[in-house]
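Please look over the sequence and the structure below before reading the notes that follow. They are grouped by topic, so that each can be checked against the picture in turn.

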Amino acid sequence: MTSGVRLIRNDRLTQQVDYAYAAAVDAPVRSIWVAGACPLDLDGKTVAVGDYAGQAHQVMRNLVTALEGAGASLTDVVKTTVYVASTRQADLVTAWEVYREYMGEHDVPSTLLGVTVLGYHDQLVEVEAVAVLAGEGQA
């Protein structure tokens, strides 16, 4: 199945960003809200303690798995929010670069935030997502 997500660019806004400014999906669609993916292993332990990139990789692997459980993939995502527990912009960029590696050409609208603390012990990165599947809106 092809994605129903159409990424919107705008030449009146800077093109020096690596994300689309908006995304559109024509109804009917099946909407999927994914809880924030965390850097946890199968035992519920935080991986890569102190390592922003290592945690971002685990977060993205977990996000892919959560989407697969709903019958979706990263190309069905229409919006993400990336949370990084740091006040240092370099740490946010480190997590963002890993996130972008997984998202590839599918550069959906996203918000990158530095936050004080996240929910799990030693957690540094979290990504939440909204996805849609075209043509599956009628149950």
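A salt bridge is a side-chain nitrogen of Lys or Arg within 4 Å of a carboxyl oxygen of Asp or Glu, and a search of the whole structure finds two of them. The model is a predicted one, with a mean pLDDT of 91 for the chain and 94% of its residues at 70 or more.

**Salt bridges**

- One of the salt bridges joins the side chains of Asp107 and Arg9, with 2.8 Å from N to O.
- Because Asp107 belongs to the loop between α2 and β5 while Arg9 belongs to the loop between β1 and β2, this pair ties together parts that are 98 residues apart in sequence.
- Asp107 is buried, as its relative accessible area is 12%, whereas Arg9 is partly exposed at 45% relative accessibility.
- A salt bridge is also formed by the side chains of Asp91 and Arg88, where the N to O distance is 3.0 Å.
- In this pair Asp91 counts as buried at 9% relative accessibility, while Arg88, with a relative accessible area of 49%, is partly exposed.

**Aromatic rings**

- Three aromatic pairs are found when the whole structure is searched, and one of them is the edge-to-face pair of Tyr19 and Tyr21, whose centres are 5.9 Å apart and whose planes are at 70°.
- Both partners are described as partly exposed, since Tyr19 has 28% relative accessibility and Tyr21 has a relative accessible area of 30%.
- Tyr19 also pairs with Trp96, and because the planes of these two rings stand at 90°, with the centres 6.4 Å apart, the pair is edge-to-face.
- Trp96 counts as buried, because its relative accessibility is 11% and the cut-off for buried is under 20%.
- Taken together, ring pairs link Tyr19, Tyr21, Trp96 and Tyr99 into a cluster.

**Nonpolar core**

- The largest nonpolar core is made up of 28 residues, and Leu63, Leu67, Val77 and Tyr99 are those with the most contacts inside it.
- Two or more residues of this core come from each of the elements β3, α1, β4 (77-85), α2 and β6.
- If residues up to four places away in sequence are not counted, Leu67 touches Val34, Ala72, Ser73, Leu74, Val77 and Ala131.

**Backbone angles in two loops**

- Ala48 has a positive phi of about 50° although it is not a glycine, and its place is in the loop between β3 (29-37) and α1 (52-69).
- With 30% relative accessibility, Ala48 counts as partly exposed.
- Asp122, which is likewise a residue other than glycine, has a positive phi near 65°, and it is found in the loop between β5 (110-115) and β6 (125-134).
- Asp122 is also partly exposed, at 35% relative accessibility.

**Confidence**

- Where in the chain is confidence lowest, and where is it highest? The lowest mean, 81, belongs to β2, and the highest, 98, to α2.
- Where pLDDT is low, the predicted coordinates should not be read in detail.

Key
Residues numbered from 1 in each chain as written. Predicted model: local features only at pLDDT ≥ 70, side-chain atom pairs only at ≥ 80, totals over all residues. Heavy atoms only, no water. Helix = DSSP H or I, 4+ residues; strand = E, 2+ residues; numbered from the N terminus. Buried < 20%, exposed > 50% of the residue type's maximum accessible area, 1.4 Å probe, protein only. Phe/Tyr/Trp six-rings, centres within 6.5 Å; stacked < 30°, edge-to-face > 60°. Core = buried A, V, L, I, M, F, W, Y, C linked by side-chain atoms within 4.5 Å. Contact = heavy atoms within 4.5 Å. pLDDT = per-residue confidence, 0-100.
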